[in-house]
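Dear colleague,

Please find below the structure for your review. A short account of the findings follows it.

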Amino acid sequence: MEQAQPDFLVIGGGISGLACAWFLQQRGAKVRVLEAGRAGGKIQTLQQQGYLIERGPNSTLDNRPGFHRLLTELELLTERVQPSAAAKRRYVLKNGHLHPLPGGPVDFLRTPLFSWQDKLRLLAEPFISPAQQEESVADFVRRRLGQGFLDYAINPFVSGVYAGDPERLSVQAATARVYRLEAEQGSLFKGALALMRQKRSSQLETGPSGTLTSFKQGMQQLSECLRQRLATVLSEQCPVTALQPVTGGGWLVESATQQWQAKQVILACPAPQAAQLIAPWQPQVATLLGQIAYAEVASVSLAFARAQVEHALDGFGALFPRCEGVTTLGVLFPSSLFSGRAPDGKVLLTAFIGGRLHPGICQHSDEAISQQVLEDLRPLLGIRGQPEQHWVSRWPQAIPQYELGHLQRLQQAQQGLAAYPGVHWRANWSDGVSLADCVDQAAQLAERLLPA
């Protein structure tokens with residue numbers, strides 16, 4: 001039985017765990033990463049017959065200092081690919097037609113996505129008092145902006161980011177930056193104006209929206225680079241079976257064949273797995289983490305000859321509000337966003353189906369999933385014939401849901417772990433679901449644990 005004595009044991013080798021290990025190692029710590037499968041988590045890229053298919057995240061926004069720092073330290077800045085100008089355009093479905101989200105005041109006045117009643121309703125927004133209690137995203141938007149904006153602006157956004165239910169998601173937890181505009185400025189409009197002034201005065205390289213980022217070899221180029229640079233401290237195919245406090249301080253971590261001991265442990269695994277490890281010695285915390293729900297999602301990539309698709313595909317993609325009755329959540333246009341995603345004369349579409357409101361998608365066959373997506377997309381994009389190829393990826397635990405009570409659950413869980421020094425967590429179920437958020441929070445955790 002092998003015994004190792006790192007300073008930190010990181011349980012989970014997704015992007016959060018890999019980034020934690022990297023930043024801690026950069027600060028001089030000895031680390032060991034334990035991953036149940038292959039490191040990289042949901043960041044998976046396929047390259048087949050000239051197509052580059054993202055099974056997980058298709059891109060991220062370079063809008064967090066920790067993420068930019070990681071790319072700098074890994075010497076990946078020159079490996080980024082620039083998005084096309086079309087990336088700024090997002091389509092939303094209404095009444096069977098795709099309409100671009102307005103990009104400015106004139107576009108907003110002209111767009112059919114929102115009625116004149118919806119637009120006039122915005123004049124009241126600065127005069128609406130802040131809420132005094134936690135609200136769902138749906139309640140918050142209805143109160144401040146009205147039902148039209150919930151249906152055709154926020155509902156599609158929630159589908160695209162969380163594959164979630166706005167009636168259950170907490171506005172404080174799931175859309176914290178939007179909530180802070182009300183909490184700090186008393187109004188979304190006033191808060192947005194303050195942010196614009198701040199951006200101009202600070203001359204930030206990356207504004208609030210950030211720069212859409214991918215890599216020449218796809219998103220897996222990032223996780224694979226980390227995987228290679230951390231190879232000597234990374235144990236793959238090594239599911240952790242037990243986590244126990246050690247008398248006198250420190251932690252013992254066991255797999256089926258090995259054990260490790262360290263003063264500090266970082267849980268970078270999904271919430272259900274973290275709950276299982278914590279349950280033997282702190283069942284109350286395990287119960288809290290076990291209450292974190294996940295959306296189940298399938299990703300479907302479809303390859304066509306360009307002539308088979310009538311739509312110009314001149315955008316990031318399209319989102320389908322739930323009130324439109326379309327099963328598929330939305331579709332991206334990867335071959336329009338980045339170079340090298342499809343052969344000449346071909347196009348690649350990547351759609352997402354399932355989510356919190358349509359559970360059980362992963363139980364269906366590849367054929368059933370892809371046919372449902374094709375049935376949904378065909379009239380909207382003007383698709384003729386069958387795809388030349390298709391790829392289906394299932395994610396039973398795709399995206400954690402920051403639902404009502406989420407922040408309170410995390411606070412209570414932290415209080416419950418206070419009697420057990422040396423246990424930390426860094427995962428997408430705590431401080432942001434985007435790839436850039438996960439990396440940035442890993443950098444912040446490393447700085448807290450090992451201050452300069």
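Strand 1 (residues 8-11) and strand 14 (residues 264-267) run parallel and are joined by 4 bridges; Phe8 has Gln264 as its bridge partner in strand 14. Strands here (E, at least two residues) and helices (H or I, at least four) are DSSP runs, numbered from the N terminus. This is a predicted model, in which local features need pLDDT of at least 70 and side-chain atom pairs count only at pLDDT 80 or more, while totals for chains, interfaces and linings use all residues. Residues are numbered from 1 along each chain as its sequence is written, and side-chain values use heavy atoms, with hydrogens and water left out.

An open sheet of 5 strands has the order 10-2-1-14-20, with parallel pairing (two strands pair if DSSP finds at least two bridges between them). Its edge strands, strand 10 (234-235) and strand 20, each pair on one side only.

Strand 20 (423-425) also gives two or more residues to the lining of the second largest pocket, as do helix 15 (406-417) and helix 16 (435-449). A pocket is an open set of points on a 1 Å grid over the protein atoms alone, where a 1.4 Å probe fits, with protein on both sides within 12 Å along at least five of seven lines; lining residues have an atom within 4 Å of a point. Of the 18 lining residues, Gln414, Val423, His424, Trp425 and Arg448 lie nearest the centre of this pocket. Helix 15 provides the largest share of the lining, 5 residues.

Gln363 is in the loop between strand 18 (346-354) and helix 14 (366-381).

Yours sincerely
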